[in-house]
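Trainee: I would like to take a close look at one part of this chain and then see how the rest is arranged around it. Could you walk me through it?

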Amino acid sequence: MSNPSVPFLDLVTPHVEMKAELLAVLDKAIDTAGYAGGNMVKSFEEEFARFCGAKHCVAVNSGTDALRFAYMAGGVKPGDEVITVPNTFIATSESITQAGGNVVFVDVDERTYNLDPAKLRAFLTSTCKKDASGKAINIKTQRPVTAVVPVHLYGQSADMDEIMDIAREWGLIVFEDACQAHGAEYLSRKDNTWHRTGSMGKATAFSFYPGKNLGALGEGGAITTNDDNIARICRQLRDHGQAQKYYHDTEGYNGRLDAIQCGFLSAKLKRLPQWTEARQRNARRYTELLKSVKTVTPPFEPEWSKAVYHLYVIRVKDRETVQKKLADLGVNTGLHYPVPLHLQKAYTHLGHKAGDFPVTEKAAKEILSLPMFPGLTDEQIGRVTDAIRNTCTE
Ligand SMILES: *Cc1c(COP(=O)(O)O)cnc(C)c1O
């Protein structure tokens, strides 16, 4: 008798469990015609800002718009260069282009898959000089290098102390892409205090796409920031550049988040801490059970990080075979991401070739995302790890 398969994620159970609460949000919206703006938006923004430890939260219609608005409001100007990593979802970089910037890639750390501060420093010292006002200029392109975007990939914070120090030295603005890292924590060596993602950089983008750790029942995103001016400009950008109805300071976008989604998100945010704990527990169990499989490299969590395990990503040689055999055994897995951004067709104009970012390229061939969601059972984890043990040691 064959076992049922193990899904990669479960978006049914959590919503069925809280259906009454979600329907109450709909009732409230219908009874008050509260669809755009209003109290449900304001409340969610206050709650999420508090959750992140940030002064402001501006709810927008996607993580991609959150990134774009953050870049625009935070000071990226047309023609500027903005540094990010090649192993992320394309939203991180396409939003740089949409804000008028030029994408520049710097490779990641072998163990955390996040921006490698040493490589960031090496790029700046080897390729950039400071102009009279102390701003970084790319010697090859003669363009200003304005900002750096660490991505907290898979739910783990990048090494923010190092990145912030280098950024300060070179006059770069730091934007966090926390689209996978709601509630992830970073221990700063400066104040020996844990900080949540979304409270460290100049501005941070979050996504509430359904599969994210905090997901809407549809599309959604938010910017968090401690900067009053950035928050104000983001509010205008999401609403056609209006400071006041029909008075437009600039052109903007229709980038608002629906009131109903904000109501759903408020209800789900209350449960996020317990969901995060369940993810962390599942991750510990995976790592414990995979310890004996020598060909598998589990995720690495430095002592300064409390990851929220949006994804649980292992490394294996011969990944294609392993993934296929796991599929045959009913274990659904994912690849995040199979093709590094610098080798995507969309970026041929950047002129990169294989070998330019070796750490990202090697990871892309070996990574495998295992099933991960709060409701994953011990029995399912056991089934996944048994399947891996059988596949990897035969
Ligand atoms: C999901 C995601 C985004 C984009 O968010 P959307 O809400 O889908 O627009 C950006 N960056 C990363 C790293 C993501 O995982």
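Trainee: Let us start with phenylalanine 44: is this residue buried or exposed?

Mentor: Happy to, and please keep in mind that this is a predicted model. Phenylalanine 44 is buried, because its relative accessible area is 0%, where buried means under 20%. The residue sits in helix H3, which covers residues 39-52. Beyond the neighbours within four places in sequence, phenylalanine 44 is in contact with Phe208, Leu214, Cys262, Leu265, Ser266 and Leu269. For a sense of distance, take leucine 153, which is 109 residues away along the chain: its C-alpha atom and that of phenylalanine 44 are separated by 24 Å.

Now step back to the domains. The domain assignment gives domain 1 as 13-269 and domain 2 as 273-392. Their centres, taken over C-alpha atoms, are separated by 24 Å. The contact takes 43 residues from domain 1 and 33 residues from domain 2. About 3300 Å² is buried between domain 1 and domain 2, with carbon and sulfur atoms giving 60% of that area. On the domain 1 side, Phe105, Tyr154 and Asn213 supply 22% of the area buried against domain 2, more than any other three residues.

The interface has polar features too. Two salt bridges are found across the interface of domain 1 and domain 2, along with 17 residue pairs in polar contact. Several elements each supply at least two residues of the side of domain 1 that touches domain 2: helix H5 (91-98), strand E3 (102-105), strand E8 (185-188) and helix H9 (259-269). E8 gives the largest share, three residues. Sorted by class, that side of domain 1 has 20 nonpolar, 12 polar and 11 charged residues. A salt bridge to look up in your viewer is the one between arginine 315 and glutamate 110, whose closest N and O atoms are 3.5 Å apart.

At the start of H8, a side-chain oxygen of aspartate 227 comes to within 2.9 Å of the backbone nitrogen of asparagine 229.

Threonine 127 belongs to helix H6, residues 117-127. Threonine 127 counts as buried because its relative accessible area is 10%, which is under 20%. Its side chain makes a polar contact of 3.1 Å with that of serine 126. Setting aside neighbours within four places in sequence, threonine 127 is in contact with Ile137, Asn138, Ile139 and Lys140.

Finally, some backbone details in the loops. Alanine 33, in the loop between helix H2 (19-32) and H3, has a positive phi of about 55 degrees although it is not a glycine. Alanine 33 is exposed, with a relative accessible area of 53%. Glutamine 142 lies in the loop between strand E5 (136-138) and strand E6 (145-148). The phi of glutamine 142 is also positive, near 65 degrees, and this residue is exposed, with a relative accessible area of 53%. In the loop between helix H11 (319-328) and helix H12 (358-366) you will find tyrosine 337. A cis peptide bond joins histidine 336 to tyrosine 337, with omega about 15 degrees.

Note on methods
Residues numbered from 1 in each chain as written. Predicted model: local features only at pLDDT ≥ 70, side-chain atom pairs only at ≥ 80, totals over all residues. Heavy atoms only, no water. Helix = DSSP H or I, 4+ residues; strand = E, 2+ residues; numbered from the N terminus. Buried < 20%, exposed > 50% of the residue type's maximum accessible area, 1.4 Å probe, protein only. Contact = heavy atoms within 4.5 Å. Domains from an automatic or database assignment. Buried area = accessible area lost by both parts, 1.4 Å probe. Salt bridge = Lys/Arg side-chain N within 4 Å of Asp/Glu carboxyl O. Polar contact = N/O pair within 3.5 Å; in protein donor to acceptor, adjacent residues only side chain to side chain. Nonpolar A, V, L, I, M, F, W, Y, C, P; charged D, E, K, R; others polar.
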